[in-house]
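Morning, everyone. Please bring the model up on your screens. I will walk through it piece by piece.

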Amino acid sequence: MSDEPPDMTRIACLAPLPHHERIVLGHGGGGVLTRELIERVFLPAFANPILAGLGDSAILPTEWFSSATGGGERIAFSTDAYVVQPLVFPGGSIGSLAVNGTVNDLAMSGAKPVALSAAFILEEGLEVGLLSRLVADMAQAARTAGVGIVTGDTKVVERGRGDGLSITTTGIGLVPAGSRLGSRPPRAGDAILVSGTIGDHGMAVMSVREGLGFEAPIESDSAALYGLVADLLAACPDVSLLRDPTRGGLAMTLGELVAGKGLGIEFDEGAVPVDPVVAAACEILGLDPLQVANEGKLVAVVPAAGAEAALAALRAHPLGGKAARIGRMVADHPGLVVARTPYGGARIVPMPLGEQLPRIC
Amino acid sequence: MKHLAEYRDGDTARRLAAGIASIVTRPWAIMEVCGGQTHSIIRNALDQLLPPEVELIHGPGCPVCVTPLEMIDRALAIAALPGTIFCSFGDMLRVPGSHGDLLGVKAAGGDVRVVYSPLDALDLARRHPDREVVFFAIGFETTAPANAMAVRLAERGGVSNFSELVSHVLVPPAIAAVMESPGNRVEAFLAAGHVCSVMGTLQYPPLCARYRVPIVVTGFEPLDLLEGIRRTVVQLEAGRHELENAYPRVVTEEGNAAAKAVIAEVFEPCDRTWRGIGTILSSGWKLAERYARFDAERRFAVGGIVTAESALCRAGDVLRGAIKPNECPAFGRECTPRTPLGATMVSGEGACAAYYHAGRFAAVQGERP
């Protein structure tokens, strides 16, 4: 109908594209786009009234920091930055990792997590759908851990400068009054426990990264450990030390326990639980499971007298079913971690230098 | 892993070790050629199970350790070229060249990537047709088939932006070089099982005859290694010097025909310099003339390489078995896994790195190494 005059009533100024699909620089600009992103992605997922206030800081009621018994509690405070590729891996994602990792750092001090902050650095071009999925993982992990995400921040960096996204979480936790964790220094003869199979997280990530297919995919062990810690401390209050063997794996954690100290560690290599598929993947890639990261395991140094009770408590918890007593603190070789091999020999287990580099053959 | 458990049984290992102790009557020096075997021996502390008469000398079989300095410097220069993606096996990244290592090149902006197979590098070349993708093709006969296959596939597929920096080395000439070196103490060899799985065993009987030395093809699991050592000691005690295959579940006399065919097509023998040891005639492979255009050495004219080996490092003496790592004056002082002067202090298969840890333990026990 080209000879009819155009219908001018249908003309309207087009609003800018809403950018619903991908992150653009404006999402970090602090304007309306930022606000929309927060309201559309973060607030519904985290569903927390304190966060929903969107104040410059979260105001936490003091009752959160005191128990019924009253007095003597201490506050634990921890922060951690999370970068991982791929962002989603079997058994978790950077979202669940960012919650569980910080919750576990608190838990290793015996602290029940109370509140988390979360800061996001997003890369321009990140799919909003993926971001929503990762944020949903965070929310789920926070619910499981019983902790609220109460404050946060979002920035956007140019494409090519952000690796998708990184997340920094900071956590506040409450160490119950009367907690004796860490008050008894480790002594020669103390038992060393691990709460389950080692190397699962690192190999889950690595097997995706390297495209290794196994009949059963390796799943990350990423999990919040406070419940396990609480059960352990109830059964054995005089735990001397708790650590979560994350980067650098069990070798790094054991090395740090004795570095510069008057004690050494001796452990039975055959007693360290390793999933057979993880062991096979390490074999293929020329890696040492002792040096591979965990995200849902703990190492405990406990008095020998309480070791069996502690082990039973770990094993009774869903996250500790494969817990094992792997070794002991010794006076013989201070500062050194020695593995007894299944063949009757012994070798030093060094702390890994940096990134593990796969061997050629 | 189930199939591996039967080669890792502690009781059987102790029985084998006791068997060795019961037949040995005098000291013997046995060299395990392959770095993978060294790694397994140290990791499982198998040497501590053996009677004191049996001394294991760690041979020049860590491919990372013997790659010549000039080749590493060349790799560093190529990796630093703009537009290049330089791919390598992981443990090469920390090996010191004259000035720095590949990790340093990466930190300075070079695109250096760890791959597990040359075929991954070839794939990168396909996906980045605008970039030059170079694979650092080092190793013994074991890694050669895949390295050869990548070049052949690049040729067939017309992937012209792929090349290999080839520094392949061979086991039999190394065994001959060890036997002919002045002051040699080696009296028997454990041949590298995986090398033989590719090449077969027919190259070894002439070496046994010429040097009157027993050679036992040996695997990598604890029981494999102990069985190989046991058979070697049996031969030594009986005055025999034969080739034996103690790894028949993997190794056949003729080897892998398909792998040998692709190697023969793509590579040709050449003289090779071994880091710390020197030039050994016909001890390596380079790309055959037909595939010369995939040779990174020819493609990238990185001139002006002046190598500077650490004056303190005695890795060569270690690799020949002339000294133990802890007899090097720099061991544990200037040279540690954190500040390696030579490649043998870098790789988990390197004798110096292995000793660094084991030696520290011995020192604590009062046996200052």
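Start with two helices in chain B, α8(B) and α13(B), which are oblique to each other. That word follows from the angle classes: under 35 degrees is roughly parallel, over 145 roughly antiparallel, 65 to 115 roughly perpendicular, and the rest oblique. Here the axes of α8 (residues 144-157) and α13 (residues 257-266) of chain B come within 8 Å and cross at roughly 55°. Axes are lines fitted to C-alpha atoms, for helices over the stretch in contact, and angles run from 0 to 180 degrees between N-to-C directions. Helices are DSSP runs (H or I, at least four residues), strands likewise (E, at least two), numbered from the N terminus.

α8(B) passes α13(B) in a left-handed crossing. Left-handed is when the near helix is turned anticlockwise from the far one by less than a right angle; clockwise is right-handed. On the α8(B) side, the contact uses A144(B), P145(B), A148(B), M149(B), V151(B) and R152(B). On the α13(B) side, look for A259(B), V262(B), I263(B), E265(B) and V266(B). Contact means C-beta atoms, placed from the backbone, within 7 Å. By class, that gives nine nonpolar, no polar and two charged residues. Nonpolar is Ala, Val, Leu, Ile, Met, Phe, Trp, Tyr, Cys and Pro; charged is Asp, Glu, Lys and Arg; the others, Gly among them, are polar.

Quick housekeeping. This is a predicted model: local features need pLDDT of at least 70, side-chain atom pairs count only at pLDDT 80 or more, and totals for chains, interfaces and linings use all residues. Residues are numbered from 1 along each chain as its sequence is written, while chains are lettered from A and ligands numbered from 1 in the order in which they are written.

α3 (residues 94-107) and α4 (residues 128-145) of chain A pack at about 30°, with axes 6 Å apart. So α3(A) is roughly parallel to α4(A). Their crossing is right-handed. Residues of α3(A) in the contact include I94(A), V99(A) and V103(A); α4(A) brings, among others, L134(A), M138(A) and A145(A). The classes are ten nonpolar, three polar and one charged.

Next, the cores. A nonpolar core is a set of buried Ala, Val, Leu, Ile, Met, Phe, Trp, Tyr and Cys residues joined through C-beta atoms within 7 Å. Buried means 20 or more other C-beta atoms within 10 Å of a residue's own, exposed 12 or fewer, and partly exposed in between, with C-beta atoms placed from the backbone. Which residues have the most contacts inside the largest core? V33(B), F189(B) and A191(B), in a core of 123 residues. Helix α5 (residues 69-79) of chain B gives the most to this core: seven residues. A second, separate core has 102 residues, including V135(A) and L165(A).

Most residues other than glycine have a negative phi, and most peptide bonds are trans. Q85(A) and P86(A) are joined by a cis peptide bond, omega about -5°. P86(A) sits in the loop between β1 (74-82) and β2 (88-89) of chain A. A47(A) has a positive phi, near 40°. D163(A) has one too, about 55°, and lies in the loop between β5 (148-157) and β6 (165-175) of chain A. D163(A) counts as partly exposed, with 14 C-beta neighbours inside 10 Å.

Key:
Two residues are in contact if their C-beta atoms, placed from the backbone, lie within 7 Å.
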